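Q: I'd like to go through this one with you before I set anything up. Can you put it on screen?

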Amino acid sequence: MRKLIVSSLALAVAFCAASTSAHAQAKLGTVDMNSVFTAYFKTKDAEAKINEAKNAAKKEYDDRADAYKKALDEINNLNKQLDAPALSADAKTQKAKERDDKIANIKNMEREINEFRQTRERQLQEQALRMREGIVKEITDVVMEKVKANNLDLVFDKSGMSLNGVPLLMYSKENVDFTNDIILVLNKPGRAPAVSTTTDKTTTAPAPAPASSASPAKPTRP
């Protein structure tokens, strides 16, 4: 039994030594993915295209909102005319019908504005996601080229945070970080393939308030 215990201890010591030796030989690297993503010129290009799409959608929304306001003013004007004591019964009936038709039309305008807003918001989110995925893939591909070229065993993202807000990587030597190398490769003229930057139009404007049968409400602008 004693020999068995001694043999087991010897094996454990040998295993620990081998494990320590393997870890000592492991080649590690670190990269700040957040810094790389921010410094990559395609990120700035993607943000510019997203902003362009948002501005175009805002203009389209403003045009719709202006048309809504014009229709609302016409309804309010008809309401004033209907309150005029001198208005004949036939004229009042005609204007009441005209007002009701405009109210029905403005409700359709409200629905179209809501649908426009929801559609453009979804399109912009999808466009931004596609752009981000494309850029992240390019960055990851360059990181993997670095991994293969230097035969690295592990690479840590320095910008990663744990659930309690503490950096996942508490410390690393400067010589194992290759963030700047990745940025230089990515920003080298003519290196990276184009990322899809379809300019879907969208806006984040809130929906207009519903109109009542007597006095429809004015839509809220972005």
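Predicted model: local features only at pLDDT ≥ 70, side-chain atom pairs only at ≥ 80, totals over all residues.

Q: What does the secondary structure come to, and in which pattern along the sequence?

A: There are 5 helices and 2 strands, and reading along the sequence gives the pattern α-β-α-α-α-β-α.

Q: What share of the contacts with a separation of 6 or more is between residues 24 or more positions apart?

A: Among contacts in the protein with a separation of 6 or more, 84% are accounted for by residues 24 or more positions apart.

Q: Let's turn to H4: what span should its residues give, and how far apart are its end C-alpha atoms?

A: H4 has 62 residues, which at 1.5 Å a residue should span 92 Å, and its end C-alpha atoms lie 91 Å apart, so the two values agree.

Q: Which residues have the most contacts inside the largest nonpolar core?

A: That core has 18 residues, and those with the most contacts inside it are Val36, Ile135, Ile139, Val143, Phe178, Ile182 and Leu186. At least two residues of this core come from each of helix H2 (33-39), helix H3 (41-82), helix H4 (89-150) and helix H5 (179-186), and H4 gives the largest share, 7 residues.

Q: What is Phe178 in contact with, leaving aside its neighbours within four places in sequence?

A: With those neighbours left aside, Phe178 is in contact with Gly29, Thr30, Val31, Val143, Lys146, Leu152 and Val155.

Q: Changing topic to charges, how many salt bridges does the count come to?

A: The count comes to 13 salt bridges. One of these links Lys42 with Glu138, where the closest N and O atoms are 3.2 Å apart. Because Lys42 lies in helix H3 and Glu138 in helix H4, this pair ties together parts that are 96 residues apart in sequence.

Q: Is that pair buried or exposed?

A: Buried is under 20% relative accessible area, so Lys42, at 9%, counts as buried, and Glu138, at 8%, counts as buried too.

Q: Where do Lys59 and Asp63 lie, and how many residues apart are they?

A: Both lie in helix H3, 4 residues apart, which is about one turn of the helix, and their side chains meet in a salt bridge at 3.4 Å, N to O. Lys59 is exposed, with a relative accessible area of 53%, while Asp63 is partly exposed, at 42%.

Q: Why does a spacing of three or four places matter for which way residues point?

A: An α-helix has 3.6 residues a turn, so residues three or four places apart point the same way.

Q: What about Glu60 and Arg64, how far apart are they in helix H3?

A: Glu60 and Arg64 are 4 residues apart in helix H3, so about one helical turn separates them, and their side chains meet in a salt bridge at 3.5 Å, N to O. Glu60 counts as partly exposed at 24% relative accessibility, and Arg64 counts as partly exposed at 28%.

Q: Which residues are linked with Glu60 in a network of salt bridges?

A: Arg64 and Arg120 are linked with Glu60 in that network.

Note on methods:
Residues numbered from 1 in each chain as written. Heavy atoms only, no water. Contact = heavy atoms within 4.5 Å. Core = buried A, V, L, I, M, F, W, Y, C linked by side-chain atoms within 4.5 Å. Buried < 20%, exposed > 50% of the residue type's maximum accessible area, 1.4 Å probe, protein only. Expected span 1.5 Å × (residues − 1). Salt bridge = Lys/Arg side-chain N within 4 Å of Asp/Glu carboxyl O.
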